[in-house]
Amino acid sequence: MDFVCLLFGVLFFAAGGLFYGGKGHIHLAMWKQMSNEEKERILIRPLCRNIGTMILLCAAIFLAGGVWPFFKQHLFVFAMIGWMIVSGLDVLYIGKSKRYQRKPSAVR
């Protein structure tokens with residue numbers, strides 16, 4: 001067992017759960033600095049679920065690395081590289097798509 005991987009897995013699992021549940025974004029400094037108008041333009045629930053899912057996926061990789069020595073020795077690096085590629089593509093998708101923005105007519 002690799003206790004460092006387990007520790008990171010548990011920490012990422014907690015952070016991912018906070019975001020997935022919609023409670024993580026309120027602790028971010030950038031969110032606190034945004035005006036109410038900017039906050040109203042964001043569909044925060046689906047965005048938090050997206051971010052939470054990505055963090056939970058990272059937690060799963062770390063937990064697997066902590067529990068299974070074979071995974072840690074042979075697959076961990078490839079899994080993390082894959083996660084980084086997928087999360088980078090996800091960030092691009094979030095930035096380019098309008099999925100997480102309210103339509104102008106829906107803003108109060």
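This is a predicted model: local features need pLDDT of at least 70, side-chain atom pairs count only at pLDDT 80 or more; totals for chains, interfaces and linings use all residues.
**Ring pairs and helix packing**

Me: What kind of aromatic pair do Phe-62 and Phe-76 form?
Reply: The ring centres of Phe-62 and Phe-76 are 5.2 Å apart, and the angle between their planes is 75°. Planes over 60 degrees apart count as edge-to-face. The pair of Phe-62 and Phe-76 is therefore edge-to-face.

Me: How many residues apart are Phe-62 and Phe-76?
Reply: This pair links distant parts of the chain, with Phe-62 in helix 4 and Phe-76 in helix 5, which runs over residues 69–96. The separation of Phe-62 and Phe-76 is 14 residues.

Me: Does Phe-76 count as buried or exposed?
Reply: The cut-off for buried is under 20% relative accessible area. Phe-76 has a relative accessibility of 12%, so Phe-76 counts as buried.

Me: At what angle do the planes of Phe-12 and Phe-62 lie?
Reply: The structure holds four aromatic pairs. In the pair of Phe-12 and Phe-62, the ring centres are 5.5 Å apart, and the pair is tilted because the planes lie at 35°.

Me: Which helix holds Phe-12?
Reply: The pair of Phe-12 and Phe-62 links parts of the chain that are 50 residues apart. Phe-62 belongs to helix 4 (residues 44–67), while Phe-12, which counts as partly exposed at 29% relative accessibility, belongs to helix 1 (residues 3–20).

Me: Which residues do ring pairs link into a cluster?
Reply: The pairs described above join Phe-12 to Phe-62 and Phe-62 to Phe-76. With one further residue included, the cluster linked by ring pairs consists of Phe-8, Phe-12, Phe-62 and Phe-76.

Me: Which residue lies over the face of Phe-76?
Reply: A charge counts as sitting over a ring only within 6 Å of the ring centre. Over the face of Phe-76, at 5.7 Å from the ring centre, lies Lys-72.

Me: How far from the ring centre of Tyr-20 does Arg-49 lie?
Reply: Arg-49 lies over the face of Tyr-20, and the backbone oxygen of Arg-49 is in turn reached at 2.7 Å by the side chain of Thr-53. From Arg-49 to the ring centre of Tyr-20, the distance is 4.8 Å.

Me: How far apart in space are Thr-53 and Tyr-20, C-alpha to C-alpha?
Reply: Thr-53 is found in helix 4 and counts as partly exposed, at 41% relative accessibility. Although Thr-53 and Tyr-20 are 33 residues apart in sequence, their C-alpha to C-alpha distance is 6.6 Å.

Me: Within what arc do the buried residues of helix 1 fall, seen down its axis?
Reply: The buried residues of helix 1 are Cys-5, Leu-6, Gly-9, Gly-16 and Phe-19. They line one face of the helix, because seen down the axis they fall within an arc of 145°.

Me: Which exposed residues does the face of helix 1 turned away from its buried side carry?
Reply: What covers the buried residues of helix 1 includes helix 4 and helix 5. The face turned away from that buried side carries the exposed residues Phe-3, Val-4, Leu-7 and Val-10.

Me: How far apart are the end C-alpha atoms of helix 1?
Reply: Helix 1 has 18 residues, which at 1.5 Å a residue should span 26 Å.

Me: Which residue caps the N-terminal end of helix 1?
Reply: At this end, the backbone nitrogen of Val-4 has a side-chain oxygen 3.1 Å away. That oxygen belongs to the capping residue, Asp-2.

Me: Which residues does Asn-50 touch, not counting residues up to four places away in sequence?
Reply: Asn-50 is found in helix 4 and is buried, with a relative accessible area of 14%. The C-alpha atoms of Asn-50 and Ile-94 are separated by 9.1 Å, although these residues are 44 residues apart along the chain. With those sequence neighbours left out, Asn-50 touches Asp-90, Ile-94 and Tyr-100.

Technical notes
Residues are numbered from 1 along each chain as its sequence is written. Side-chain values use heavy atoms; hydrogens and water are left out. Rings of Phe, Tyr and Trp (its six-membered ring) pair if their centres lie within 6.5 Å; planes under 30 degrees apart count as stacked, over 60 as edge-to-face and the rest as tilted. Helices (H or I, at least four residues) and strands (E, at least two) are DSSP runs, numbered from the N terminus. Buried means under 20% relative accessible area, exposed over 50%, partly exposed in between (1.4 Å probe, protein chains only). A charge sits over a ring if NZ of Lys or CZ of Arg is within 6 Å of the ring centre and within 35 degrees of the ring normal. The expected span of a helix is 1.5 Å times one less than its number of residues. The arc is that of the directions from the helix axis to the C-beta atoms. Contact means heavy atoms within 4.5 Å. A polar contact is a pair of N or O atoms within 3.5 Å; within protein, one must be able to donate a hydrogen and the other to accept it, and residues adjacent in sequence count only if both atoms are side-chain atoms.
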